[in-house]
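Please have the sequence and the 3D view at hand.

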Amino acid sequence: MSKKTLTLMSKDKQLFNIEEHLAVQSVTIRNMVKEDGASSVIPLPRVDSETLALVIEYLNRQQAPEEDEDYVKKFVDERGEIPTLLELAQAALDLDIKKLMDAACMKVADLIKDFTLEEVREALRIENDRTPEEEKAIRDEFQWAF
Amino acid sequence: MKMKMLPWLEFDIQVEILKRLPVKSLIQFRSVCKEWKSLIDSSPFIADHNNVGQEHLMIRYEVEDKTGSEVKYVCFVDDYDSFPENKFAPDIPPIFRLFRPFNTTIHSPCGLLCLEGLLREPDNSETHMVVLWNPSIRKSIAIVVPKNKNASIETILGFKKTGEPVVKIEFESLDDVDSALIAVYEPHLDHIKDLGICRGAAFFAMCSYNESLLLLDHDDDGRIVRAVEN
């Protein structure tokens, strides 16, 4: 029996083939396949092609279970740039691939843990909604941490 | 190097990243934006974060010399690899200069230590106090135990489902073994609630529990009827 192949479509309409038994590591895809087994192309309108290529590379890994933890860690380590990691984390969250999401978020946390407030806002694209006075008041509660 | 523009970063993913940050970073990042501060200060987030934090073992000891004795603390980080080499002296809350804890320390898995002891006032009188101390964020609060003459006291630290701590202060009257008084202190309300007197009781045990829908099968006589199948 030949292995069934699924086609995933990225936000920018690029098509990626992946064997079904590998794709269903994503709980989201597993549920889609279960509900609508016949559909040939699965659209992923929030994942761009670069990120989807990474996700597929991860899903296609051929690792022994006992080496899997190390592999995931190395996989995200090699993509050490925050914007890439954030997209990967978001895709893994949307697709419900827990190990990949855990590892990507852990890596981001590790990279930003010593950042200044401004650096954190820039890296995660968060708008500062506080006045400098408000910021100081919060800082004063835990002087030692700054 | 190519920089990608991120059109969005959902709050869900921000939460997942924050959950994985150490306490020191979280305290700083409370100032990043309003949403982060409310999240980091919320009880569910604190309870969740407690599960990923490193375990510490704290030891309290007393050193005596000619001028008197001093209480000292040392922490060991139980990180498996370097334990017990990885140790440090925690920052002691200022109140500990005057506060002498009793020799019982109530340990808690939620990162709070509950110490009971006497605070020496400038006029040398002593006040019975309970100190709740979170060494990780270097904060503590002291609760004055209500005066109850000729009574023994027991202090229990409990937690609500949301992670909020509750200190139960239990009195037992020595004059009249038939009565006891139980009070509950909730730090976030900063208020001691009197639960009243339990008449006819001499010995106590207390614990907290959550409401549960778990049904235990039994027959009309209250015996267990479900057998374990192999």
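How many salt bridges are there over all chains? In this predicted model, the count over all chains comes to 24 salt bridges. Side chains of opposite charge can pair when their charged atoms come close.

Start in chain A with Asp94(A) and Arg46(A), which form a salt bridge whose closest N and O atoms are 2.7 Å apart. Asp94(A) belongs to helix α5 (residues 82-94), while Arg46(A) sits in the loop between β3 (41-43) and α3 (49-59), so the bridge ties together parts of chain A that are 48 residues apart in sequence. Asp94(A) is partly exposed, with a relative accessibility of 27%. Arg46(A), at 33%, also counts as partly exposed.

A pair within one helix comes next. Glu135(A) and Arg139(A) are joined by a salt bridge with an N to O distance of 3.7 Å. Both residues lie in helix α8 (residues 132-141) of chain A, and because they are four residues apart there, about one helical turn separates them. Glu135(A) is buried, its relative accessible area being 13%, whereas Arg139(A) has 29% and is partly exposed.

Now turn to chain B. Here the side chains of Arg20(B) and Glu16(B) meet in a salt bridge, 3.0 Å from N to O. Are these two residues, Arg20(B) and Glu16(B), buried or exposed? Both are buried. Through salt bridges with shared partners, Glu16(B) and Arg20(B) belong to one network with Lys19(B), Lys98(A) and Asp102(A).

Definitions and conventions. Residues are numbered from 1 along each chain as its sequence is written. Chains are lettered from A and ligands numbered from 1 in the order in which they are written. This is a predicted model: local features need pLDDT of at least 70, side-chain atom pairs count only at pLDDT 80 or more; totals for chains, interfaces and linings use all residues. Side-chain values use heavy atoms; hydrogens and water are left out. A salt bridge is a side-chain nitrogen of Lys or Arg within 4 Å of a carboxyl oxygen of Asp or Glu. Helices (H or I, at least four residues) and strands (E, at least two) are DSSP runs, numbered from the N terminus. Buried means under 20% relative accessible area, exposed over 50%, partly exposed in between (1.4 Å probe, protein chains only).
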